[in-house]
Amino acid sequence: MLDRLPLLIGLRYVRAKRRNHFISFISLTSMLGLTLGVAVLILVLSVMNGFDRELRTRILGMVPHTQIEKPSGMTDWQSLAERLTQREHVIGAAPYIEQQGMFSVGGRNHGAMVNGIEPDWERRVSIIDEHMSRGSLDDLVPGEWNVVLGSILARQLGVGVGDSVTLLVPEASITPAGVFPRLKRFTVSGIFSVGADLDANLAYANIEDMQTLARMGDDVGGLRLELDDLFKAGSVTQSIIDDLGAGYRGLDWTYTRGNLFQAIQMEKRMIALLLTVIIAVAAFNIVSTLVMVVTDKHADIAILRTIGATPRSIMGIFMVQGLAIGVIGILIGVGLGILLALTVSDIIAFVESTFGIHFLDAGVYFISELPSQLLWSDVGKIVVSAFVLTFLSTLYPAWRAARVQPAEVLRYE
């Protein structure tokens, strides 16, 4: 019976109504603090995981994991692409020509990066085909001078499928009449939307048309490679360049989007640390609660000691009480956090549609929707951390309760 005494009395103290309402208020505050801290930490980490996922699937699905370039032009790219796809970690290759330019129509001008691609090859390294809102990559037929625009870019230019746009490239053509900027009229054959900043600054044209515009003959600018593990991009790129020798250079995604990925990881760690401090404050409020409970229960402690309860049992009573308060708060917080993490995207979408508010503008942020990805490993770490903090917060009050001397207390009762 004495072995069960700490558990029985500790749980009874949790349920019991207190004469001192301030103690009940502090106890409730501690529980609510843990609930909110755990719930918000789960929600925020899920949103940060969502941003990380979107970066990997959307942005890095459009941006090449690795680019192998040859400044003088790459002629026999088919054989090189076949060789590279046989290497470890390389699962796809596609030729490209990159050309910065400015689209102009009806007095509207917007700069963009135009990628000259071969549609059948591009599908091996990019998810662009999955995000075509209008038209198809197959419409990029050589000689027809068609172009596929990002949705934001098309909206800024005020054009749709079938409209014509003029592309000006930063190169001059020398003619008998003088020096003129090089330009070409394209027909918009498709529009893509990935919900990212690429929608505002990226366009696709057929690689043969871009070869003609750039006066490259049959050469291409380089090869885009798709890897099975994007985090091996640096080592794979360096290995390829070492094997190919002089005249080639490599550029992996960490140069173009690495800062964004590192920023997300850093923000995730810092936010987790700050919110853990909030949980710690809520957990250590239990110290105040238990200290006041111990002071209020001096007589009860003295009586228990006189009937044979050991200091260890007394200590266990108040540890059980503190842990019960903490566990209830943690469990409610976990449930609330999981619910919010699974529905936050829908909640934000509902708020945006109801009040006409747009929280994420793809022209400013790299995505236009609030993503969320719940990872059970994060939930487990949060629960363990909150429980450890709660456990530590019960030790001092329980130790003080175990040091109560029955004779001194009962002398004045």
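A residue counts as buried when its relative accessible area is under 20%, and as exposed when that area is over 50%. The exercises below apply to a predicted model.

**Exercise 1.** Decide whether W145 is buried or exposed, and describe where W145 sits in the chain.

Solution.
- Step 1: The loop between β4 (132-134) and β5 (146-150) holds W145.
- Step 2: The relative accessible area of W145 is 16%.
- Step 3: The cut-off for buried is under 20%, so W145, at 16%, is buried.

**Exercise 2.** State which residues W145 contacts beyond its neighbours within four places in sequence, and how far S189 is from W145 in space.

Solution.
- Step 1: With those neighbours set aside, W145 touches K184, R185, F186 and T187, and also D209, T212 and L213.
- Step 2: S189 is 44 residues from W145 in sequence, while their C-alpha atoms are 9.3 Å apart.

**Exercise 3.** Compare the UniProt "transmembrane region" feature with the modelled secondary structure at residues 314-340 and 379-399.

Solution.
- Step 1: The unreviewed UniProt entry places this feature at residues 22-48, 271-294, 314-340, 347-367 and 379-399.
- Step 2: Residues 314-340 are 100% helix and 0% strand, with end C-alpha atoms 39 Å apart.
- Step 3: Residues 379-399 are also 100% helix and 0% strand, and here the end C-alpha atoms lie 31 Å apart.

**Exercise 4.** Summarise the protein chain as a whole.

Solution.
- Step 1: The chain has 14 helices and ten strands.
- Step 2: Of its 413 residues, 49% are buried.
- Step 3: Among contacts between residues at least 6 apart in sequence, 80% join residues at least 24 apart.
- Step 4: Carbon and sulfur atoms account for 58% of an accessible surface of about 20,500 Å².

Technical notes
Residues are numbered from 1 along each chain as its sequence is written. This is a predicted model: local features need pLDDT of at least 70, side-chain atom pairs count only at pLDDT 80 or more; totals for chains, interfaces and linings use all residues. Side-chain values use heavy atoms; hydrogens and water are left out. UniProt positions are given in the numbering used here, feature names are shortened, and annotations may be inferred rather than shown by experiment. Helices (H or I, at least four residues) and strands (E, at least two) are DSSP runs, numbered from the N terminus. Buried means under 20% relative accessible area, exposed over 50%, partly exposed in between (1.4 Å probe, protein chains only). Contact means heavy atoms within 4.5 Å. Accessible areas come from the Shrake-Rupley method with a 1.4 Å probe; for residues, only the protein chains shown count as cover.
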